There are 2 protein chains.
Amino acid sequence: VTKNEPLRLLLIGFGNVGCQFARILTVEREQFPGLDDLNVTVVGITTLSRGSLENPEGIDLRRALLEIETAGRFQAQNPDFSSRGSADAASELEYDVLVELSTLSIDRRGEPACSYVRTALGRGRHVVTANKGPIAFAYNELRALARAHNCILLHESVVMDGAPVFDLAHFGMRGCRVLEVDGILNSTSNFVLSRMELGEHPDDAVRIAQARGFAEADPRHDLEGWDSAAKICVLANVLLDGDLTPLEVEREGILALSAKELRTARQEKKRVKLVCRAWREDGQVRAAVKLKKLSDSHPFSRIKESGGILRIATDLMGPIIVQQEAPTLYDTAYGVLNDLLLLGIKTRPSAEATPN
Amino acid sequence: VTKNEPLRLLLIGFGNVGCQFARILTVEREQFPGLDDLNVTVVGITTLSRGSLENPEGIDLRRALLEIETAGRFQAQNPDFSSRGSADAASELEYDVLVELSTLSIDRRGEPACSYVRTALGRGRHVVTANKGPIAFAYNELRALARAHNCILLHESVVMDGAPVFDLAHFGMRGCRVLEVDGILNSTSNFVLSRMELGEHPDDAVRIAQARGFAEADPRHDLEGWDSAAKICVLANVLLDGDLTPLEVEREGILALSAKELRTARQEKKRVKLVCRAWREDGQVRAAVKLKKLSDSHPFSRIKESGGILRIATDLMGPIIVQQEAPTLYDTAYGVLNDLLLLGIKTRPSAEATPN
């Protein structure tokens, strides 16, 4: 890629995050002057149930968005319409960056996303994933593959949406050894706990979370702790050099908890939270997702509704706490943009500015 | 500087932070494996009242520390002892990085530190400052000077010690436009407020803060809001592209506040906090330090004793909150180390690793 040519993107998945990403790149773009340096073109979009588009000169993203918004899928009369599936697109299309936006599959151990990422890296193409699967199930393998092919694997959106967790650790904690991380990482389960404290039925709380767009149609992965397990697994692998999969994370969900238990905790000025933690023990990296009763003064206690928080303890500094109050789809889409801006810098070294 | 030669440092100031920095580089170094890539040598230390040392081959830092710890100043029999003052050292010695560790002077508008930094940058030398003065009083001038001489000016320790505030904004929020920042940035005044809430006399609280090492011998700058004003001014200038000095920040201190007012606030389930804020208004960047009565659910309310918190609101994401619970001298010294690690990368491009 030379300096003035756009990075060519292949998007796998075009749900809420993909659509928001496309909106920021098109109809909303002039609202965001800081994106002037972002030079990308989308040459392919593949989905499981909404059809595919491809055009080496760049897909008409406005038209793509309109078709999804009006018809729920790409239309056969779209000149960019294609019957190519994700696996074929990853191995056959000419692109610079695979942007993996499909959803996590625990049952299939991160597949098929892991395979798409493997294919792209094996072809020497960079990868930005907002899907936890590849990083939770195959980080060490994929990182080695990226290094062997001199390309870059980025995943800022995977934990706490676009809140800069990995950039913070990589660029803001140089020289520190991360000893432990803990936090509240799943919006849906924290939302349900917050609402149950106020007397709401968990089923109603889930429906509200779904209406607001942050709970999946099938919320079991959130409520059973699988989403949290995948996220703490990612943090364990990336920040603590662990080698875990979500299946090796000690895991609790919130379904066993009764409204009565939450009310009793409140009477003791405590709150029950689903806390993720990764730590070192006997030379090993371990991770767990557990219900914990925390005092009101604990920094995690005040995380309400869909907020998230992460505490990073290191040998030289800290602990440092990063918190987001009410993430929206912008935050997840932004994480992908931030990764693409970093890729733009890394692949065009002359574009990198010093901090002043 | 070629790849394997150490960065030569000139330290101006050798108080608590300087000594902790020297301890990490020497007696404590093997505790911190992440510092393996840090390749520095201290060729000069100048102080106002503790004497000076210089040695182009590298000062014996263990001996320097021992002299300070046992005699309170460098000893004339030290073979590295020198009578050169800070200004002459900045303009005459051969060094790669000026590390400015002296304390903020409001009365002298950041001098003499601004002049030392100006001298170093004018000679094409990099600067790492833990002293707020140059960034609060002369950021735009110094940044232009750094650019003109192709060198780098870093200042991570200036706000929230080593907590990665500027690295976060620079590397973790690419493409975002910062709209507003607010937070609690002065440890001493927050400590005194926390203790007054519990019924302690402010003078006693100050003495405890001094004994713990985070309040200055003269705490007026903290209690009158000057330290907070300097910090929010730095954030306004660096993150919002402002052009303010601390003298232009609307400022309140905590001295006018009575214990009764704090108790009344607690009865209303509120806390009084000294809140810093910088924002855009009518095309201008403004900043203020004000006492605010915050509800218990406000994210700043739970910052107790010497903790700090900063909220950054942007156009594309957020707001993101960064928090430190109980900073120590390690945190400030670490901020300098982090800047030096970044300088090592920037001045030896081949050393820069991608995030994976």
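In this predicted model, chain B and chain A bury about 4800 Å² between them, and carbon and sulfur atoms give 59% of that area. The contact draws on 58 residues from chain B and 58 residues from chain A.

Several kinds of count describe this interface.

| Item | Value |
|---|---|
| Salt bridges between chain B and chain A | four |
| Residue pairs in polar contact between chain B and chain A | 17 |

One salt bridge joins Arg174(A) to Asp167(B), with 3.0 Å between the closest N and O atoms. On the side of chain B that touches chain A, the elements giving two or more residues are helix H5 (132–148), strand S7 (153–154), helix H6 (165–172), strand S13 (320–324) and helix H12 (329–347). H12(B) supplies the largest share, nine residues. Sorted by class, this side of chain B has 31 nonpolar, 14 polar and 13 charged residues.

How are the two chains related? Chain B is superposed on chain A by a rotation of 180 degrees with 0.0 Å of shift along the axis, at an RMSD of 0.0 Å. The two copies are therefore related as by a two-fold rotation axis. Both copies use the same surface, since 100% of the contact residues of chain B recur in chain A. Val322(B) is the residue of chain B that comes closest to the rotation axis, its C-alpha lying at 2.4 Å.

Within chain A, helix H7 (residues 187–197) is mostly covered, with eleven of its eleven residues buried. Among the elements covering them are strand S8 (178–184) and helix H8 (202–211) of chain A. At the N-terminal end, Asn186(A) caps H7(A), with a side-chain oxygen 3.4 Å from the backbone nitrogen of Thr188(A). Just after H7(A), Gly199(A) has a positive phi of about 100 degrees.

Methods
Residues are numbered from 1 along each chain as its sequence is written. Chains are lettered from A and ligands numbered from 1 in the order in which they are written. This is a predicted model: local features need pLDDT of at least 70, side-chain atom pairs count only at pLDDT 80 or more; totals for chains, interfaces and linings use all residues. Side-chain values use heavy atoms; hydrogens and water are left out. Copies are superposed by least squares on the C-alpha atoms of residues with pLDDT of at least 70 in both. Contact means heavy atoms within 4.5 Å. Buried means under 20% relative accessible area, exposed over 50%, partly exposed in between (1.4 Å probe, protein chains only). Helices (H or I, at least four residues) and strands (E, at least two) are DSSP runs, numbered from the N terminus. A polar contact is a pair of N or O atoms within 3.5 Å; within protein, one must be able to donate a hydrogen and the other to accept it, and residues adjacent in sequence count only if both atoms are side-chain atoms. Buried area is the accessible area (1.4 Å probe) that two parts lose on being put together, summed over both. A salt bridge is a side-chain nitrogen of Lys or Arg within 4 Å of a carboxyl oxygen of Asp or Glu. Ala, Val, Leu, Ile, Met, Phe, Trp, Tyr, Cys and Pro count as nonpolar, Asp, Glu, Lys and Arg as charged, and the others, Gly among them, as polar.
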